[in-house]
Amino acid sequence: MTHLRHFKFAVIWGLLPRKYQVQTILIVILTIIGAGFETLGLSLILPALSVIMNPDSIVTNAGFNYFAPHLDRFSQLELMVGGMFMLGGVYLIKGIYLAFLIWRQSEYIYDIKSTLSDVLLKSYMHVGYEF
């Protein structure tokens with residue numbers, strides 16, 4: 001069964017013009033980057049909730065030990081507000097990137113559909129009318 005799937009992929013890949021094969025690889029790379037942004041966004045929620053629930057966790061959490069010497073000059077409120085702005089900034093950048101990704105994917109799909117439709121129409125136009 002997997003051999004059949006591989007065969008189908010090879011046939012579809014062979015139908016795509018070289019231009020779209022390159023764009024397909026680019027779309028896959030952009031989608032992997034988008035998945036990374038999604039993972040980053042989700043992984044920042046738990047530390048943010050932890051800091052909101054227990055503001056002392058900034059000082060006591062082992063993950064913040066590297067930043068602890070630099071965080072002493074800020075109050076807990078400043079750290080929380082700054083952290084929330086950073087979290088919002090990450091989500092803003094993620095949203096802009098994902099909007100770009102969706103636009104790029106839809107443009108790619110439209111181009112492929114229109115190109116393949118044109119090729120199919122032209123091939124049918126040159127076929128005889130024998131039934």
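Predicted model: local features only at pLDDT ≥ 70, side-chain atom pairs only at ≥ 80, totals over all residues.
Local features were considered at pLDDT of at least 70 and side-chain atom pairs only at pLDDT 80 or more, whereas totals for chains, interfaces and linings use all residues. Residues are numbered from 1 along each chain as its sequence is written, and side-chain values use heavy atoms, with hydrogens and water left out.

Helices are DSSP runs of H or I with at least four residues, numbered from the N terminus. Helix α5 comprises 50 residues, 76-125. Residues are classed by relative accessible area as buried (under 20%), exposed (over 50%) or partly exposed (in between), with a 1.4 Å probe and protein chains only. The buried residues of α5 are L79, L87, K94, Y97, L98, L101, R104, Y108 and I112.

A nonpolar core is a set of buried Ala, Val, Leu, Ile, Met, Phe, Trp, Tyr and Cys residues joined through side-chain atoms within 4.5 Å. The largest such core consists of L16, Y20, I27, Y108 and I112. Helices α2 (18-53) and α5 each give two or more residues to this core. Beyond its neighbours within four places in sequence, I27 is in contact (heavy atoms within 4.5 Å) with R104, Q105 and Y108.

Aromatic pairs were defined for rings of Phe, Tyr and Trp (its six-membered ring) with centres within 6.5 Å; planes under 30 degrees apart count as stacked, over 60 as edge-to-face and the rest as tilted. The whole structure contains 3 such pairs. In one of them, the ring centres of F37 and Y97 are 5.1 Å apart and the planes lie at 45°, so the pair is tilted. Because F37 belongs to helix α2 and Y97 to helix α5, this pair ties together parts 60 residues apart in sequence. F37 is partly exposed at 22%, while Y97 is buried at 14%. F100 and W103 form another tilted pair, at 5.9 Å and 40°. Ring pairs link F37, Y97, F100 and W103 into a cluster.

Salt bridges (a side-chain nitrogen of Lys or Arg within 4 Å of a carboxyl oxygen of Asp or Glu) number 2. E38 and K94 form a salt bridge with an N to O distance of 3.2 Å, linking helix α2 to helix α5 across 56 residues. K94 is buried at 11%, whereas E38 is partly exposed at 33%. E107 and R104 form a salt bridge at 2.9 Å; both lie in helix α5, about one turn apart.

Definitions and conventions
Expected span 1.5 Å × (residues − 1).
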